[in-house]
Amino acid sequence: MNKSLEELQKEYEESAARLEQEKRKLRRLENWKAYLESGSRKQRNHRLITRGAAIESVMPEVKVLTEQEFYSLMERISEWPPVQNMVRFFVERHSQPPASEKDGD
């Protein structure tokens, strides 16, 4: 159990080198995680912008509304049963596999 000073020094240097390697590995993983998360944020931002633009394209009058008025309008529209039915229809249709996958083709 008695190790010489040289053996202890060598163990210390090896451990320090391993620690630095693991720190670099952790930094790479954190950078990769940040990259992936920023990609999903970019996708979300793109989706929000394009859908907002679509609403303004279909209903240009909403451009003059305040944010509060716009949200109130969207809430009222979303509470209307025909709109709820259409949304439900499209969501269900989107979640179903295409007909070719159903038949096993």
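This is a predicted model: local features need pLDDT of at least 70, side-chain atom pairs count only at pLDDT 80 or more; totals for chains, interfaces and linings use all residues.
Local features need pLDDT of at least 70 and side-chain atom pairs pLDDT 80 or more, while totals for chains, interfaces and linings use all residues. Residues are numbered from 1 along each chain, and side-chain values use heavy atoms, without hydrogens and water.

The protein chain has four helices and zero strands, in the order α-α-α-α along the sequence. Helices (H or I, at least four residues) and strands (E, at least two) are DSSP runs numbered from the N terminus. The C-alpha trace spans about 85 × 50 × 20 Å along its principal axes. Its radius of gyration is 29 Å, whereas a compact globule of 105 residues would have one near 13 Å; the radius is taken over C-alpha atoms, and the globule rule is 2.2 Å times the number of residues to the power 0.38.

Buried residues make up 3% of the 105 residues. Buried means under 20% relative accessible area, exposed over 50%, and partly exposed in between (1.4 Å probe, protein chains only).

R24, K25, R27 and R28 gather in one of positive charge, and W32, Y35 and L36 make a nonpolar one of about 380 Å². K25 is in helix 1 (residues 5-58), and L36 is in helix 1. K25 counts as partly exposed because its relative accessibility is 41%; L36 is partly exposed at 46%.

Terms used: Patches are made of residues with over 30% relative accessible area and no salt bridge: like charges are joined within 9 Å, nonpolar side chains (Val, Leu, Ile, Met, Phe, Trp, Tyr) within 5 Å. Accessible areas come from the Shrake-Rupley method with a 1.4 Å probe; for residues, only the protein chains shown count as cover. A salt bridge is a side-chain nitrogen of Lys or Arg within 4 Å of a carboxyl oxygen of Asp or Glu. Lys and Arg count as positive and Asp and Glu as negative; His and the chain ends are not counted. The place of a charge is taken as NZ of Lys, CZ of Arg, CG of Asp or CD of Glu.
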